[in-house]
Amino acid sequence: MNKQVLQQQPKVTVSDRFWLKYRQLVKEEMIPFQWEVLNDRGNVIIESERDDATIPTEKSHVIENFKIAAGLKEGNHYGWLFQDSDLYKWIEAAANTLALEKDEALVAQVEETIDLLEVAQDDDGYLSTYYQIDAPQLKFRRLFESHELYCIGHLIEAAIAYHEATGSERLLQIADKAIACIETHFGKAEGKIDGSDGHQEIELALVRLYELTGNRKYLDLSAYFLAVRGENPHFFAEQLEENDRLGLQQGPKPVINTVYHQADKPVIEQDTARGHAVRLVYMAQAMAGAGHHKQDEKLIGAAKKIWDNIVQKRMYVTGGIGSTVRGEAFTCDYDLPNDLMYCETCAAIGLLNFSNELLKTETDSQYADIMERLLYNGIISGMALDGKHFFYVNPLEVDPQASALNPDKSHVKAKRPSWFGCACCPPNLARTLPAVGRYAFTQKADEVLLNLFIDSELAGEQVGKPYTIRQSHTFSETSRTVITVEKASSERLHLGIRIPYWAENPVLVVDGEEAIADIRNGYTYVTAKAESTAIELTYTIAINELEAHPLVKADKGKVALQRGPFIYCLEEQDNGKQLHLLALTGAIRPRFRSDMILGDIVCLEAEGEMHVMEDGWQDTLYRVHQKPQTVPKKLTFIPYYSWGNRSLGEMQVWVDKEDAHV
Ligand code: FUB
Ligand code: ZN
């Protein structure tokens with residue numbers, strides 16, 4: 001494959017204790033564990049993500065599906081139509097791990113799967129095991145649900161990651177052959193399919209492939225899929241009608257919800273977050289990326305409007321998105337129920353990547369603020385601290401009994417299962433966590449941005465000469481960030497350092513002298529002129545009581561606690577049952593805690609009170625209002641991401657504030 005690399009992933013070595021732990025978990029637990037699952041070994045209990053008997057939970061069957069498609073085994077496909085993507089994400093996780101650390105055995109495992117993919121792929125490049133095995137007559141004919149291009153998108157992302165980690169082109173060749181097949185079948189020309197996949201993903205993957213290769217045909221194909229979506233809102237339904245005419249329809253004809261698919265109108269006319277949350281953010285990431293490379297202001301403008309609508313009106317304080325299980329979707333402005341939410345892990349990862357894409361286009365720390373909120377909260381909450389149990393949805397309030405007995409809360413799990421019938425989230429986490437360093441910095445033509453306070457080192461090049469930017473942090477009473485820039489070129493290097501909103505009273509010292517901070521769009525700029533520049537930033541980490549917009553009904557009269565980038569929650573284990581009877585009344589203090597399971601964490605201890613249930617309530621459900629009786633109670637908050645790791649119990653992020661009970 002001819003390549004002229006346009007944009008590389010930042011080369012970042014992470015040394016941060018917090019994130020190294022995740023990197024180790026991915027390598028030592030997640031990758032081997034997930035490999036066993038994909039191979040149907042290890043007696044893993046697979047749960048359905050919600051109460052729905054049609055969800056396939058017997059086995060994963062992913063590798064088996066590929067073996068059947070390759071003709072190496074006999075049988076039928078098992079699992080979701082997009083089961084293939086679990087393997088592609090696993091390969092990407094392996095590749096992102098290999099990019100950090102050599103591992104011959106892991107390379108051999110990936111190479112073995114590439115052997116299998118080569119055989120499974122049809123001669124014309126087609127690759128989707130469900131359609132190859134069980135429904136070849138319907139290839140590309142049920143795009144509203146088929147996920148054929150979605151899966152190829154994940155294949156492309158895996159291929160890029162594996163190439164970047166090892167230099168191997170084998171997987172890229174498979175991906176390229178699959179793209180050639182797609183190009184043969186899709187487009188404006190007579191006889192071609194003029195439409196897109198029901199689930200966006202290939203669009204963003206093609207942008208990334210363009211960045212790797214410089215080959216514009218990938219960018220153009222991405223732009224085509226973005227432009228054709230919603231151009232004809234009846235496209236998916238018309239495909240089904242044609243199948244009917246040709247006698248190809250299987251089962252009853254489904255009703256297409258074009259809003260769910262973000263296909264009711266052209267993407268550039270979409271300015272709010274609607275429909276399926278993961279699809280929306282994957283699409284919007286591609287809009288930002290393709291818009292950036294094509295200098296298409298309309299695409300970028302629409303992407304920004306969608307982003308604004310999400311973060312200003314439709315996002316949970318943890319960064320989670322999606323307010324309903326129905327269609328795993330957004331609902332309307334300020335509708336953010338804490339106990340019925342969706343907040344799918346994949347959607348949080350999608351919003352991270354969408355925000356990162358916008359940051360490449362526009363220097364503004366608001367994007368990094370959201371990336372940080374997601375990474376430290378709504379993303380890592382998706383995984384247990386053992387690396388082997390996962391949340392598909394990430395609630396902000398849980399009562400295990402209600403989750404067990406209220407069918408409308410069947411998706412709101414109080415305990416992380418090992419695996420899901422729909423296993424999109426666990427491998428998505430596995431591919432994201434080793435890549436965390438890439439979000440810490442953004443390299444642009446004229447500046448480098450330091451976005452996230454993660455101990456790490458960026459290695460880059462300026463006019464062909466190397467530079468490094470090292471950052472290390474001490475997060476204590478008075479926190480200290482030390483940044484060193486070393487460079488070989490005599491050119492100036494403009495470094496923008498994000499001052500997080502939680503860093504109070506920041507003082508910047510450059511080469512021993514207090515500098516007047518040149519703050520633009522949330523970044524304070526230092527120009528490194530010499531070979532070596534030493535920068536020091538001191539600040540206090542704020543403990544904030546956050547309140548939500550008054551129109552968020554679920555949070556009225558409540559606060560959520562935040563220290564640094566972490567959102568906190570109450571758990572039954574520390575505070576007893578009936579967390580909703582607790583209120584925050586006084587001072588909050590940080591307390592360092594070394595816990596067998598939670599590790600070294602900073603808890604928050606706060607003065608509070610508990611609403612006492614008098615005896616009179618025994619057999620009474622309602623009464624004339626009286627002033628409630630309360631007793632003082634010490635409240636203990638732990639970082640949200642770490643909830644659900646010790647025992648089964650209630651959890652709550654938003655807590656009543658002071659006199660809310662009166
Ligand atoms: O459809 C593929 C993935 O499965 C979606 O992104 C998730 O929301 C889940 O439905
Ligand atoms: Zn998912």
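Q: What classes of residue make up the shell around ligand 1?
A: By class there are six nonpolar, three polar and two charged residues in the shell around ligand 1. Here Ala, Val, Leu, Ile, Met, Phe, Trp, Tyr, Cys and Pro count as nonpolar, Asp, Glu, Lys and Arg as charged, and the others, Gly among them, as polar.

Q: Before we go on, what sort of model is this, and how is it numbered?
A: It's a predicted model, where local features need pLDDT of at least 70 and side-chain atom pairs count only at pLDDT 80 or more, while totals for chains, interfaces and linings use all residues. Residues are numbered from 1 along each chain as its sequence is written, chains are lettered from A and ligands numbered from 1 in the order in which they are written, and side-chain values use heavy atoms, with hydrogens and water left out.

Q: OK, which residues surround ligand 1?
A: Phe82, His147, Tyr150, His199, His276, Val278, Glu328, Glu344, Tyr392, Cys422 and Cys424. To be listed, a residue needs a heavy atom within 4 Å of the ligand.

Q: What does Glu328 do with the ligand's oxygen?
A: A polar side-chain atom of Glu328 sits 2.6 Å from an oxygen atom of ligand 1. The cut-off for a polar contact is a pair of N or O atoms within 3.5 Å; within protein, one must be able to donate a hydrogen and the other to accept it, and residues adjacent in sequence count only if both atoms are side-chain atoms. His147 has a side-chain N or O atom 2.7 Å from an oxygen of ligand 1, and for His199 the distance is 2.7 Å.

Q: How much of ligand 1 does the protein bury?
A: The protein buries 95% of the 270 Å² that ligand 1 exposes when taken alone. Those areas come from the Shrake-Rupley method with a 1.4 Å probe; for residues, only the protein chains shown count as cover.

Q: Switching topic: is Gln262 buried or exposed?
A: Gln262 counts as buried because its relative accessibility is 1%; buried means under 20% relative accessible area, exposed over 50%, partly exposed in between (1.4 Å probe, protein chains only). Gln262 isn't a glycine, yet has a positive phi of about 50 degrees.

Q: And Asn521?
A: Asn521 has a positive phi near 50 degrees, again in a residue other than glycine. Asn521 is partly exposed, at 47% relative accessible area.
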